Amino acid sequence: MSSPRRNLLQQRWPRVVAHADMDAFYAAVEQLDDPTLRGRPVLVGGRSNRGVVLTASYEARPFGVGSAMPMARARKLCAQALIVPPRFERYQEISECVMRVFEDFSPQVEALSLDEAFLEMTGAEHVFGEPAQIGRRLKAAVYEATGGLSVSVGLSATKYVAKVASAHDKPDGLTVVPPQDARRWLAPLPVARLWGAGPKTQQRLTALGLHTIGDIAAAGLDYLQQHLGSAGEHFFELAHARDPRAISRRSARSIGCERTLAEDVSARAAIQVHLQRSADTIGRRLRRKGYRARGVRVKLKTTRFELLTRQRRLPEATDVAGVLYAAGAGLLDEFEHPGPFRLVGLAAYELTQTTEFQQLALFDVDTRQRQRRLESALDDISERFGPALVQRASTLADPSARGMAPTLDFLDVDTDDD
Ligand SMILES: [Mg+2]
């Protein structure tokens with residue numbers, strides 16, 4: 001097709017990138033499955049006051065409740081909220097359904113998490129229509145396939161702007177930002193919307209008097225580099241809506257390791273030994289496959305075969321076993337059940353390819369890099385002499401663990417499905 005209209009579209013849109021993000025995903029799934037929850041404030045998370053809110057339904061948000069908030073605080077803010085424990089297997093199932101819809105639209109789908117993905121739509125205009133039409137069709141297809149879930153969609157010519165656009169009009173949003181308008185459209189938004197600007201970076205930017213993305217664009221490259229180093233250039237490029245990153249296939253799957261134990265455990269120290277061993281295995285596999293994980297999940301099975309899970313997103317993607325372990329051990333505080341447990345599992349989820357864009361961390365880089373180098377060195381030794389030779393001093397020091405490795409009194413179950 002070489003109509004003048006299509007040529008004009010190509011000129012104005014050198015690329016078409018969609019970002020699709022399900023609305024209040026976990027809470028929306030609960031409301032879908034249980035009609036009595038619909039239209040009511042729902043918090044998905046552990047009932048314990050030590051737990052955190054994983055997702056708040058849109059009915060709960062006007063009360064000031066949001067994800068990652070301690071449950072105790074959320075209950076104070078919204079006493080009438082219905083608290084629903086998470087069902088990760090169900091979310092995974094719906095996620096697969098949603099990702100299949102995305103794959104009907106594009107051969108290049110990059111999943112960022114269970115409920116969020118980029119779609120490369122360049123050249124698809126002749127199939128699906130202009131960008132706004134692509135967005136409408138995508139939303140309708142997700143609604144249809146899931147039996148009623150809404151997704152917010154952003155379309156622009158770069159990944160960055162598409163992602164900011166999808167969050168712009170949630171829930172059930174559709175925001176199209178033509179490339180020639182992108183810089184102007186970004187300008188009034190707060191610096192918190194810059195990709196890679198965490199709370200510490202935001203503080204630094206505010207201290208420099210830079211409050212909006214327009215302020216960043218106007219600040220000048222030299223000034224930003226001087227105050228922020230290489231991150232300065234990154235933010236300058238984003239503020240000018242320049243982001244050449246391609247859509248790459250990413251896995252939304254997880255790498256996990258769980259052990260059904262020879263003897264039930266309840267002591268925290270004993271559970272931690274198993275988490276440490278699992279974290280070492282997962283870290284090694286992540287590094288071998290060139291993945292980093294953005295989230296960590298701990299799974300405990302009681303002697304009555306009740307399955308309990310808690311999960312947490314990490315501030316940045318990692319393949320360092322020490323970081324996975326620390327997050328997993330921290331999650332133990334969120335389990336109310338005193339045990340004993342017959343199975344201990346750890347999984348790393350939201351996997352991203354290591355070679356891709358890394359969020360620019362301005363702090364604590366040295367410690368993590370040292371830890372990563374150490375673990376990579378251990379990988380080499382393991383590969384040459386077998387993993388039994390390489391054990392952490394902390395694992396060896398624990399008497400309950402000492403007998404464990406050589407006698408193989410646990411069963412490794414690989415939950416990785418790739
Ligand atoms: Mg979402």
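First, the ground rules. This is a predicted model, in which local features need a pLDDT of at least 70, side-chain atom pairs count only at pLDDT 80 or more, and totals for chains, interfaces and linings use all residues. Residues are numbered from 1 along each chain as its sequence is written.

Confidence comes next. pLDDT is the predictor's confidence in each residue, from 0 to 100. The protein chain averages a pLDDT of 83, and 81% of the residues score at least 70. For residues 355–364 the pLDDT stays under 50, and the model has 14 contacts there beyond four places in sequence. Residues 388–418 are also below 50, with 40 contacts beyond near neighbours in sequence. A contact here is a pair of residues whose C-beta atoms, placed from the backbone, lie within 7 Å. Where pLDDT is low, the predicted coordinates should not be read in detail.

Now the sheet. Helices (H or I, at least four residues) and strands (E, at least two) are DSSP runs, numbered from the N terminus. Two strands pair if DSSP finds at least two bridges between them. In what order do the strands of the open sheet of five strands stand? The order is 5-6-1-7-8, and the pairing is mixed. Strand 5 and strand 8 are at the edges with a single partner strand each, so one side of each has no neighbour in the sheet. Neighbouring strands are turned against each other by 15° on average, direction ignored. Helix 7 packs on this sheet and touches strand 1, strand 6, strand 7 (151–156) and strand 8; its direction makes about 145° with that of strand 7. For these angles, axes are lines fitted to C-alpha atoms, for helices over the stretch in contact, and the angles run from 0 to 180 degrees between N-to-C directions.

Let me stay with strand 6, residues 116–120. Strand 1 (residues 17–22) runs antiparallel to strand 6 and is joined to it by five bridges. Across that pairing, aspartate 21 stands opposite glutamate 116, and alanine 20 stands opposite alanine 117. Strand 5 (residues 109–113) is also antiparallel to strand 6, with four bridges. There, glutamate 110 has phenylalanine 118 as its bridge partner. A hairpin through two residues joins strand 5 to strand 6.

Is strand 6 mostly covered or uncovered? Five of its five residues are buried. Buried means 20 or more other C-beta atoms within 10 Å of a residue's own, exposed means 12 or fewer, and partly exposed is in between, with C-beta atoms placed from the backbone. Both faces are covered, with Glu116, Phe118 and Glu120 on one side and Ala117 and Leu119 on the other.

Next, helix 4, residues 88–105. At 1.5 Å a residue its 18 residues should span 26 Å, and the end C-alpha atoms are 26 Å apart, which agrees. The expected span is 1.5 Å times one less than the number of residues. The buried residues are Phe88, Tyr91, Ile94, Ser95, Val98, Val101, Phe102 and Phe105. Seen down the axis of helix 4, they fall within an arc of 130°, so they line one face. The arc is that of the directions from the helix axis to the C-beta atoms. An α-helix has 3.6 residues a turn, so residues three or four places apart point the same way. Exposed residues Glu89, Glu93, Glu96, Arg100 and Asp104 sit on the face turned away from the buried side of helix 4.

Now the backbone. Most residues other than glycine have a negative phi, and most peptide bonds are trans. Alanine 68 has a positive phi of about 75°, and alanine 241 has one of about 60°. Alanine 68 is in the loop between strand 3 (53–56) and helix 3 (71–77), and alanine 241 is in the loop between helix 12 (230–239) and strand 9 (255–265). Alanine 68 is exposed, with 11 other C-beta atoms within 10 Å, whereas alanine 241 is buried, with 24.

Which peptide bonds are cis? One runs from lysine 170 to proline 171, with omega near -10°. Proline 171 lies in the loop between helix 7 (159–166) and strand 8 (174–176). Another runs from glycine 339 to proline 340, with omega near 5°. Proline 340 is in the loop between helix 14 (321–331) and strand 12 (341–353).

Key:
Contact = placed C-beta atoms within 7 Å.
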